[in-house]
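Subject: Structure for your review

Dear colleague,

Please find below the structure that I am handing over to you. My findings follow it.

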Amino acid sequence: MKDKVYECPCCGKDISEFVHQEIVLHNRRANAEKARRAQNKDPEMRKKLTQASAERLEKWRKENPDKLRNITIKASRSRTQETFARQAESLKETARRKMLKFAELLSEAQRANLPITPERQEELTKKASELVRAEIKAERLAAKKAK
């Protein structure tokens, strides 16, 4: 199989190595799937495989404490970055909602022929912030109740 030469039908280049790798991957996946099915059917085999995996993992942990530490640190940083990203998105969304609520309150004030002074704008900004906070709080409570 490895000796056979395969050429790309488009460009004519040798793609034998790629074909060999794909076939090996396909066979590995098929064998893994067969093993998984057998494991699911036999609880004793599942227990043995789980135990063997745990033993290999423990052995690897003892042999590679530096790699384990690095992986743990990367995972922790990744979770922290995800948290910061979610918080940043939340802040952007909150600011956008406040801006829209302020615009809504401002247009209502203009329709009521109220004079738009800096004090009134500050008052409307505070009111918009309070309304958005209340909306977000209600959304969080609804999400908790849904769980």
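The notes below describe the chain as a whole, then its helices, its core and its cysteines.

This is a predicted model, in which local features need pLDDT of at least 70 and side-chain atom pairs count only at pLDDT 80 or more, while totals for chains, interfaces and linings use all residues. Residues are numbered from 1 along each chain as its sequence is written, and side-chain values use heavy atoms, with hydrogens and water left out.

Overall form

The chain holds four helices and zero strands, in the order α-α-α-α from the N terminus. Helices (H or I, at least four residues) and strands (E, at least two) are DSSP runs, numbered from the N terminus. The chain is more spread out than a compact globule, because its radius of gyration is 30 Å, well over the 15 Å that the globule rule gives for 147 residues. That radius is taken over C-alpha atoms, and the globule rule is 2.2 Å times the number of residues to the power 0.38. The C-alpha trace spans about 85 × 50 × 35 Å along its principal axes.

Of the 147 residues, 10% are buried. Here buried means under 20% relative accessible area, exposed means over 50%, and partly exposed lies in between (1.4 Å probe, protein chains only). The chain exposes about 12,900 Å², of which carbon and sulfur atoms supply 55%; these areas come from the Shrake-Rupley method with a 1.4 Å probe, and for residues only the protein chains shown count as cover. Among contacts (heavy atoms within 4.5 Å) with a separation of 6 or more, 29% join residues 24 or more positions apart.

Asn-31 belongs to helix H1 (residues 16–41) and counts as partly exposed, at 48% relative accessibility. Its C-alpha atom is separated by 25 Å from that of Tyr-6, 25 residues away along the chain.

Met-45 is part of helix H2 (residues 43–63) and is likewise partly exposed, with a relative accessible area of 35%. Leaving out residues up to four places away in sequence, Met-45 touches Ala-38 and Gln-39. Between Met-45 and Ala-35, ten residues apart in sequence, the C-alpha distance is 9.9 Å.

How does the span of H3 agree with its 47 residues? At 1.5 Å a residue H3 should span 69 Å, and its end C-alpha atoms are 69 Å apart, which agrees. The expected span is 1.5 Å times one less than the number of residues in the helix.

Thr-94, Arg-97, Lys-101, Leu-105, Leu-106 and Ala-109 are buried in H3, and the buried residues of this helix pack against H4. An α-helix has 3.6 residues a turn, so residues three or four places apart point the same way.

The largest nonpolar core has five residues in all: Leu-105, Leu-106, Ala-109, Leu-124 and Ala-128. H3 and H4 each supply at least two residues of this core, and H3 gives the most, with three. A nonpolar core is a set of buried Ala, Val, Leu, Ile, Met, Phe, Trp, Tyr and Cys residues joined through side-chain atoms within 4.5 Å.

Ala-128 touches Lys-98, Lys-101, Phe-102 and Leu-105, not counting residues up to four places away in sequence. Phe-102 lies in H3 and is partly exposed, at 21% relative accessibility. With neighbours within four places in sequence left aside, Phe-102 is in contact with Gln-121, Leu-124, Thr-125 and Ala-128. By contrast, Phe-102 and Lys-59, 43 residues apart in sequence, have C-alpha atoms 61 Å apart.

The loop between H3 and H4

Asn-113 is found in the loop between helix H3 (65–111) and helix H4 (118–146). This residue has a positive phi of about 60 degrees although it is not a glycine. Asn-113 counts as exposed, at 69% relative accessibility.

Cysteines

How many disulfides are there? With a disulfide taken as a pair of cysteine sulfur atoms within 2.5 Å, the count comes to zero. Cys-10 is in no disulfide, and its nearest cysteine sulfur, that of Cys-8, is 4.5 Å away. Cys-11 is in no disulfide either, with the sulfur of Cys-8 as the nearest, 3.7 Å away. Cys-10 counts as exposed, at 76% relative accessibility.

Yours sincerely
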